[in-house]
Structures are given as C-alpha cells and as structure tokens.
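Please go through the model below and work out how its parts are arranged.

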Amino acid sequence: MLEARLQTQQRSSQNGRETSLWSSGFGMKLEAVTPFLGKYRPFVGRCCQTCTPRSWESLFHRSIMDLGFCNVILVKEENTRFRGWLVRRLSYFLWSLEQHIPPCQDAPQKIVESTGVQNVIPGKAPGGAGEGQVPSHVKREVQRILGHIQAPPRPFLLRLFSWALLRILNCLFLNVQLHKGQMKMVHKAAQAGSPLVLLSTHKSLLDGILLPFALLSQGLGVLRVAWDPRTCSPILRALLKKLGGLFLPPEASLSLDSSEGALARAVVYAAVEQLLVSGQPLLIFLEEPPGVPGPRLSALGQTWLGLVVQAVRAGIVPDATLVPVAITYDLVPDAPRDTYHASAPLGLWTGALAVLRSLRGWGCSRRACVRVHLAQPFSLHEYTTNARSCWGSRQTLEQLLQPIVLGQCTVVPDTEKEQEWTPVTGPLVALKEEDQLLVRRLSRHVLNASVASSAVMSTAVMATLLLFKHQQGVCLSQLLGEFSWLTEETLLRGFDVGFSGQLRGLVQHALSLLRPHVALLRVQQGDLLVVLRPGPGLTHLARLSSELLPAFLSEAVGACAVRGLLAGRVPPEAPWELQGIELLSQNQLYHQILLLMLLLPQDLLLPRSRATRSSCSGS
C-alpha cells in the first residue's frame, strides 16, 4: 500500500510538472527560426485546363489571389446594421436576423405532373372522363415519397439554428477560414445563371452543417444538402429537411423491374429537376465519412451527381456549374463513439449530447482551426463534351498489363482513362452504361481536385514528424526547425498550408491539440523532449499524417520506379552505389510508373497531383 501511494504521488507530481510546462508556453526561451510562412502561398484549386479549357480561363483573375482570408465565425458589431453597447452584446442574434434567406418553395404539384413521374404511374385511368388523371392513391404515394425526400426550408428555424450554431462553433474552433478570392469566383459563377452543384470531401458529420452555414454567411443562400439517410434517425431527418436537407428514399434502391422502385426514382429525378430549375445550390458529398469500411468514393454521392448529369443531358437545364469543395480540420471534434459502425443511426439527442461533451472536453485551450476550400468552378456541359470526345475503348486490367509484361507494348496506355470496372448498385442502375461511366469518371475527377486544393494543417505536419521521423522522441529546439522545413517543402510543391504566424506559437498550438498523445519532458540542457505516448493514439496520428500524402505521392511513386529499374541493372550481390551515370529510357520509366500505379488501390491514387503526368513526360 505504501509503494502504491508513492507511485501515485510520483505520477501526480510528474503530471503537475508537465501541466506547468504546457500552461507556461514550454517554460523556456528558444532561438527563433523564421520560415517564409505567408511570404509564399500558392493559390490552389484551378480547374483542369485539359478537360475544361474555357472554364479555366473564366472566373479567374490574378488579383483575387491577394484578397486574403476571412473568418466566417467572427461576428462583431461591424457585421450588423446597428451600433451601440447593446448591439455588441446581441451581435450574434442580430446577425442571424439579417441573413438573406431567399424563398425556397418546393412545387409538389409540378413534381407529380412531371413527364418522368407520369410515365411510370401505374393504374392510370384509361380513357373516358378520367383520362390523363392521376389516381388519388398514386398521388398520395408520390407525396409520401416526396415527403421522405425533402421539405420546404423554414426561414425562422434557419435563423434560429444559425444563431445557435454560431455560438457553438466559436466554442469549438478558433476560426473557420475561407479565401475571399475563392468565394468571389463562386459568386461570379452563381451570377452566370447556371445552378451551382458543390461536390465536397467528407471529414466529419459536422461538415453537412458547417459548410451550409459558412456559405450562407457569405450570401450564397440556403444550400440543399444531400444527406445519408442511414446515419440519421427519423427525428433528426425531419429537422434536417426543414433546414434544407435532402434524403434518398429507400425504395429508390429497388430493382429495375419493381414498380415501387421505378416510381421512387422518378420522383427523386423530378425533385432534382425542380431544384436545378429554381437555381437552388446543391451540396453533395463525394467521399464516405471516416470510419466507413469499403471504397472511399461514396456510392450515394455518385447517385445524386448522376441525377444532375441526367438532368443536364436531358436539357432540363442547359448547364450546371460544378464547384469542388474541401474542408480540413486541425482536429475533428469528438464524435459519438462508433457512430459510423453502429447499427442504430444518429439521433437528435445523441448529437446534442455529443456536442455538449465536445464543448466540455475541448475547452478554450484545445480549440482547433478549420479551412474551407472552394476550387475554381467549371462547366458540366463542357466537361462531358470534352470527356466523351476523347474516350477510347475500355480495357480490363489484364489487357493493360499483358502487353507490358510480354514486352509487346508500343503505345503507352492512358492511366487517366483506363479504370477498374466495378459493379454498379442502387439508383445508378437505371442510367445507361455510358452515363454510369461518365458519373464515375467525373466523381474521381472532382474528388481529385478537391483533395489537391485542400490545405495541410499544423497537426498533420506535427504528426508526420513525430510518427515517422522521431518515434523515439525529439528535442523541442530541433522540432521547431524541422516543422519549418516540412512546411516549406509542402509549399514548394504547390500545396497550401492552413496556418500562419510565429513558428513557436504554431508548434505550441499543434502540440497542445495533440496533448493526449504527446508528453513533454525537461532534459539537462534546459531543452524539452517531445515523446509520443504509446497506445491507440498512434492510429489517430497516422490518420492525421495522411493529409501530407498528396504532396509527396508523385515523388514516392517516381522514386520507387527509378529504384525498380536500377535494381534490374545492378547484380544482387553488388553494392547499390552506382559506378557511373545510368541512363533511363523515358518509355521504360513511364511503363514502370504505370505498373506501380496499377498495383496501388484507386482510393490511394485519388489525391495524386497532376504533377504525376508532368513528371513522367519531363523525365
């Protein structure tokens, strides 16, 4: 008992010393290392010049690169029309009342009378006085399906929710940054007249609430968010529908020969038609949320995107403007445990308790930063026209690899066009095979653009250094210099970072967010030793460090290809040091890179930068 008491006292004293180190700003004077943070910030998010050349030239001017960032959750007296002492106390409430919420009237009668719904309605009165009339029971069924999909947004509820969310976000996050130049491009695209379709990555369940709030605060209107019905309880779905949410009815996934499935798909298609005609912006998540097993590309997101593509191809709207969107967090707020794996969907009270637990657990010292990225909008009609004109005959993986293995390949295949062919399920089955292929390629194209425009956060840089370079620990003075080095390497590769400021403050901010996984120990020389804590927290650090993968993936594949070619020229027993200059053929290097990329899973190749192709052609 005495030994246990002594061990407890030692642990408490050690924790007390460590807590004092955190609260005192490391308690030491360090030599300042000045990186060029903020001096060089690449403007990321330009659309593809090959697939959409006209869109690449429009909506962009070099002057928007210098507009800087805005914090969408920073609301003060200047953000309202009023001034005074009372206004400063009620600024959040007054700001929410002044938000412009355009009317979003859904037209159920137009949906019932749409051509697609009329063609699949069973039991229509065949002639006589009832010819052309919809039976009452069918009309009730259509209204039931439509009620499962959407509801008219409530302006009062939207304002009340915006006020409450503004207070919650200010407790959870230090800031939510949005580039003014990117927002200006989106505003110009909205003024052109085509409906906006925002296609986003998915990092947290909070994305579906945070993104509409951020864009509503910038005057873009109410976003209609396509939610996953499996993750929400009926009560939560009813609330989200009144806030602009959209849900796919379960009957839409039935087989093609099912009359209920055909009617549900027709109603969903008619609802999307009316949404696009009315000009309401639509938000679709192309990425599965973290923790969901299976492919990274969301089947539900491809379904909603397929409905948009089908509406544009049918001439319901002449064109739609696609906006790749990405959101990155320093640290995602704690979600309910096993949210994505639980059999029961997330309920309203469960979500409220999770928010309260996050507010209590984070505190002011662990508030994170968020970056919202809006890439350059591009025309869906232009992409489909250019994509179809350059499509070749599809080939299987065996057809691609066999000529290379046998040494009979004379024409280098295009890895952008040749993809794996996987079975299609759900509402995408109703589309033609050519349209299914278009939706899959467009989804990968947009998700690639979203990931390439995402900024690397400070916690990702810190987790990479601690997990892969200093697993045994590192002195804080050395860690400062390497944090600056890795940041500069990321910027030089054309990827932006989601932080700026003094180096010491950045390192302290990142370490404080990773505090449950990191320990600080004082050493003899007056320096501090940063050590990883063993345990399941290493998996969390590995997830954070994966944000740096897009910046270095092309170089890693190229280096492995060069090593593979040199391995065939150096005898197994000979040393690796080259005894002269080795010349590598461009075609050989290209083929070796192709083989490596075909061995890698597609989900890993999604975030690759366009430098992969340029590095091959320029070698």
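Q: What share of the residues of the protein chain counts as buried?
A: The predicted chain holds 25 helices and 12 strands. A residue is buried when its relative accessible area is under 20%. Of the 619 residues in the chain, the share that counts as buried is 49%.

Q: Among contacts between residues at least 6 apart in sequence, what percentage joins residues at least 24 apart?
A: A contact here means heavy atoms within 4.5 Å. Taking the contacts in the protein chain between residues at least 6 apart, the part that joins residues at least 24 apart is 78%.

Q: How much of the accessible surface of the protein chain belongs to carbon and sulfur atoms?
A: The accessible surface of the protein chain totals about 30,600 Å².

Q: Is helix α10 mostly covered or mostly uncovered?
A: Helix α10 spans residues 207-217. Its buried residues include L210, L211, F213, L215 and L216, and D207 and S217 are also among them. With 10 of its 11 residues buried, α10 is mostly covered.

Q: Which residue with a positive phi follows α10?
A: The phi of this residue is near 80 degrees, a positive value. The residue that follows α10 with this phi is G219.

Q: Are α12 and α13 roughly parallel or roughly perpendicular to each other?
A: Helix α12 covers residues 259-277, and its axis lies 10 Å from that of α13. The two helices pack at an angle of about 65 degrees, and angles of 65 to 115 degrees count as roughly perpendicular. The crossing is right-handed. Therefore α12 and α13 are roughly perpendicular.

Q: How many residues of the contact of α12 with α13 are nonpolar?
A: On the α12 side the contact involves V268, Y269, V272 and L276, and on the α13 side W304, L307, V308, Q310 and A311. One residue of this contact is polar and none is charged, so the nonpolar ones, by the grouping used, number eight.

Q: How is α13 oriented relative to α17?
A: Helix α13 (residues 299-313) and helix α17 (residues 433-452) have axes that come within 10 Å and cross at roughly 120 degrees. That angle makes the orientation of α13 to α17 oblique.

Q: How many residues of the contact of α13 with α17 are charged?
A: α13 passes α17 in a right-handed crossing. The contact is made by Q302, L305, G306, V309 and R313 of α13 with D435, L438, V439, R440, L442 and S443 of α17. Of these residues, five are nonpolar and three polar, and the charged ones number three.

Q: Is L286 buried or exposed?
A: L286 sits in the loop between β6 (282-285) and α13. Beyond its neighbours within four places in sequence, L286 contacts residues including L199, R296, L305, S443 and V446. At a relative accessible area of 0%, L286 is buried.

Q: Is F552 buried, partly exposed or exposed?
A: F552 belongs to helix α22 (residues 549-567) and touches L486, E489, T490 and R493, leaving out residues up to four places away in sequence. From F552 to R493 the C-alpha distance is 8.2 Å, at a separation of 59 residues in sequence. Its relative accessibility is 26%, so F552 counts as partly exposed.

Note on methods: Residues are numbered from 1 along each chain as its sequence is written. This is a predicted model: local features need pLDDT of at least 70, side-chain atom pairs count only at pLDDT 80 or more; totals for chains, interfaces and linings use all residues. Side-chain values use heavy atoms; hydrogens and water are left out. Axes are lines fitted to C-alpha atoms, for helices over the stretch in contact, and angles run from 0 to 180 degrees between N-to-C directions. Helices (H or I, at least four residues) and strands (E, at least two) are DSSP runs, numbered from the N terminus. Angles under 35 degrees count as roughly parallel, over 145 as roughly antiparallel, 65 to 115 as roughly perpendicular and the rest as oblique. A crossing is left-handed if the near helix is turned anticlockwise from the far one by less than a right angle, and right-handed if clockwise. Buried means under 20% relative accessible area, exposed over 50%, partly exposed in between (1.4 Å probe, protein chains only). Accessible areas come from the Shrake-Rupley method with a 1.4 Å probe; for residues, only the protein chains shown count as cover.
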